[in-house]
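Trainee: Please show me how to read the place where two chains meet.
Mentor: Look at the model first, then we will go through the terms.

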2 protein chains.
Amino acid sequence: MRRTSKLSAALHILMHLAERDAPVTSEVLAKANQTHPVVIRQTLAGLRDKGYVRSEKGHGGGWTLACDMASVTLHDIHTALGSPSLLAISEPSEATGCLVEQAVNASLHQAFQAAESLLLAHFGQVSLAMLSADIHARSAARGGSAHHLEHAHRA
Amino acid sequence: MRRTSKLSAALHILMHLAERDAPVTSEVLAKANQTHPVVIRQTLAGLRDKGYVRSEKGHGGGWTLACDMASVTLHDIHTALGSPSLLAISEPSEATGCLVEQAVNASLHQAFQAAESLLLAHFGQVSLAMLSADIHARSAARGGSAHHLEHAHRA
DNA sequence: CATCATGTAATAATTAAAGTTACATGAGAA
DNA sequence: TTCTCATGTAACTTTAATTATTACATGATG
């Protein structure tokens with residue numbers, strides 16, 4: 001699947017896990033995310049290492065949320081995903097020796113850095129619990145019940 | 001070439017043009033940017049349409065700067081390039097009907113929007129003249145002369 | 001009119017990301 | 001035990017987007 005970002009994919013998964021108590025398999029999560037089970041495992045691997053989710057093998061196995069949603073922020077999740085770049089610019093090689101290029105890159109880099117810091121600061125102020133509350137507010141506004149969140153995916 | 005961004009490529013070209021009075025060919029600019037002459041023409045096409053540069057055919061032809069560097073900002077250049085996305089996130093399709101995904105995307109979109117606005121605001125406050133001045137300051141700090149800027153590229 | 005240089009469309013190549021396959025590991029059920 | 005389920009991961013394939021290249025037309029200059 002062509003996702004909007006790793007972070008949004010991970011959050012989507014986490015919010016689904018938050019709705020369920022029993023373990024959810026990678027296959028089910030993959031369908032919700034319109035992607036492949038292996039991609040789910042790879043994505044969640046980083047979150048498991050940080051203890052945000054837990055995985056269990058065998059019958060009745062799958063993924064479960066394993067953290068206090070109020071104390072984990074989007075910034076934490078982003079870090080657990082390996083801090084992928086949020087900006088459409090890559091680090092300059094700096095190896096050309098061209099002063100013009102160096103100056104241009106330095107100027108742009110500074111600006112992009114500030115924007116990225118702003119994003120990360122924002123992420124640090126949004127907890128999983130807040131995101132979850134937002135979802136339920138939207139659900140209520142649309143007249144649905146929490147239970148319906150589980151069944152909102154396409155045919 | 002794998003560039004850091006369209007904007008940095010364009011600025012690199014513009015700063016080189018600023019150092020020269022005579023027209024510079026796409027071929028020369030392509031070498032400075034380690035790319036292909038056609039890519040240079042495609043990149044500069046947008047800037048020419050806005051009148052920031054001028055192109056001339058035939059003998060002695062090439063590209064020349066055609067604007068007041070103090071009154072053109074990085075934001076102007078970015079716009080002339082077609083306002084390519086500055087963020088590593090794409091617009092969500094919104095078509096899944098999944099409330100969870102919608103809420104996640106809405107939250108992230110808001111944050112990314114703010115970051116992009118910050119970047120654009122920054123770009124609006126940096127003129128080509130300021131960037132040029134920065135380059136010369138760096139050159140002086142390194143003990144070079146303005147003339148050397150022309151010859152700073154790799155073998 | 002030969003050469004130089006841009007203008008632009010069309011095509012090829014490259015690259016990064018995502019999807020998929022394959023197989024190993026471990027947990028529970030029969 | 002042994003079979004099935006589910007994750008863990010490496011290797012590989014596919015896909016999409018970007019960039020590079022080719023090809024040819026247009027116009028300017030010597």
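Mentor: Contact means heavy atoms within 4.5 Å. This is a predicted model, in which local features need pLDDT of at least 70, side-chain atom pairs count only at pLDDT 80 or more, and totals for chains, interfaces and linings use all residues. Residues are numbered from 1 along each chain as its sequence is written, chains are lettered from A in the order in which they are written, and side-chain values use heavy atoms, with hydrogens and water left out.

Trainee: Which residues is Ser5(A) in contact with, leaving aside its neighbours within four places in sequence?
Mentor: They are Ala88(B), Ile89(B) and Leu108(B). Ser5(A) lies in the segment before helix H1 (6-19) of chain A; helices are DSSP runs of H or I with at least four residues, numbered from the N terminus.

Trainee: Is Ser5(A) buried or exposed?
Mentor: Buried means under 20% relative accessible area, with a 1.4 Å probe and protein chains only. Ser5(A) has 12%, so it is buried.

Trainee: How is the size of an interface given?
Mentor: Often as the accessible area lost when the parts come together. Buried area is summed over both parts, with a 1.4 Å probe. Between chain B and chain A it is about 4200 Å², and carbon and sulfur atoms give 70% of that. On the side of chain B, Thr4(B), Leu99(B) and Val100(B) lose the most area to chain A, together 15% of what that side buries.

Trainee: How many residues are in contact?
Mentor: 51 residues of chain B are in contact with 50 residues of chain A. H5(B) gives the most to the side of chain B that touches chain A, with 18 residues.

Trainee: How are two copies of a chain related?
Mentor: By a rotation about an axis and a shift along it.

Trainee: What describes a pair of aromatic rings?
Mentor: The distance of the centres and the angle of the planes. Rings of Phe, Tyr and Trp (its six-membered ring) pair if their centres lie within 6.5 Å; planes under 30 degrees apart count as stacked, over 60 as edge-to-face and the rest as tilted. The whole structure has 2 aromatic pairs over all chains. One of them joins Phe112(A) and Phe123(B), edge-to-face, at 6.2 Å centre to centre and 65° between the planes. Both Phe112(A) and Phe123(B) are buried.

Definitions and conventions: Helices (H or I, at least four residues) and strands (E, at least two) are DSSP runs, numbered from the N terminus. Buried means under 20% relative accessible area, exposed over 50%, partly exposed in between (1.4 Å probe, protein chains only). Buried area is the accessible area (1.4 Å probe) that two parts lose on being put together, summed over both.
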